[in-house]
Amino acid sequence: MTDTIRATVAAALRAEMARQQIDQRTLAARVGKSQTWVQKRTSARVTCDVVDLAILADALGVPLASFLPAPERVA
């Protein structure tokens, strides 16, 4: 289940980046992290914690909840 949630969050991050036409390097600069930090989270290699999601959501100007799976998909 954790892998599914991690993949769903990563896909939502990538989708929002695509909508805004923002690459990993640009997002990394916005959040003050390395491109590798962003890449690990957008590829689901690393699980985003709530702090990571808040930072990314703020940088992208979207609600944190937009990256979370719907409750019925988690159960």
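**Figure 1. Counting the charged pairs.** There are three salt bridges in this predicted model, taking a salt bridge as a side-chain nitrogen of Lys or Arg within 4 Å of a carboxyl oxygen of Asp or Glu. Side chains of opposite charge can pair when their charged atoms come close. Residues are numbered from 1 along each chain as its sequence is written, and side-chain values use heavy atoms, with hydrogens and water left out. Because this is a predicted model, local features need pLDDT of at least 70 and side-chain atom pairs count only at pLDDT 80 or more, while totals for chains, interfaces and linings use all residues.

**Figure 2. Helix α1 from end to end.** Helix α1 covers residues 2-20; helices (H or I, at least four residues) are DSSP runs, numbered from the N terminus. With 19 residues at 1.5 Å a residue, α1 should span 27 Å, where the expected span is 1.5 Å times one less than the number of residues. The C-alpha atoms at its ends do sit 27 Å apart, so the two values agree. Tucked away along α1 are T8, V9, A10, A12, L13, E16 and M17, which are buried (under 20% relative accessible area; exposed is over 50%, partly exposed in between, using a 1.4 Å probe and protein chains only). Just past the helix, Q21 takes a positive phi of about 55°.

**Figure 3. R6 and D3 pair up within α1.** Here R6 makes a salt bridge with D3, and their closest N and O atoms are 2.2 Å apart. The two are three residues apart in helix α1, which means about one helical turn separates them. D3 counts as exposed because its relative accessibility is 53%.

**Figure 4. E16 and R19, another pair in α1.** The closest N and O atoms of the salt bridge between E16 and R19 are 3.0 Å apart. Both residues belong to helix α1, three residues apart, or about one turn of the helix. What about burial? E16 has 10% relative accessibility, so it counts as buried, whereas R19, at 59%, counts as exposed.

**Figure 5. R41 reaches across to D52.** This salt bridge has its closest N and O atoms 3.1 Å apart. It links distant parts of the chain, with R41 in helix α3 (residues 35-42) and D52 in helix α4, 11 residues apart. R41 is buried, with a relative accessible area of 11%, and D52 is buried too, at 9%.

**Figure 6. The surroundings of D52.** D52 sits in helix α4, residues 50-60. Leaving out residues up to four places away in sequence, D52 touches W37, R41 and T47, a contact being heavy atoms within 4.5 Å.
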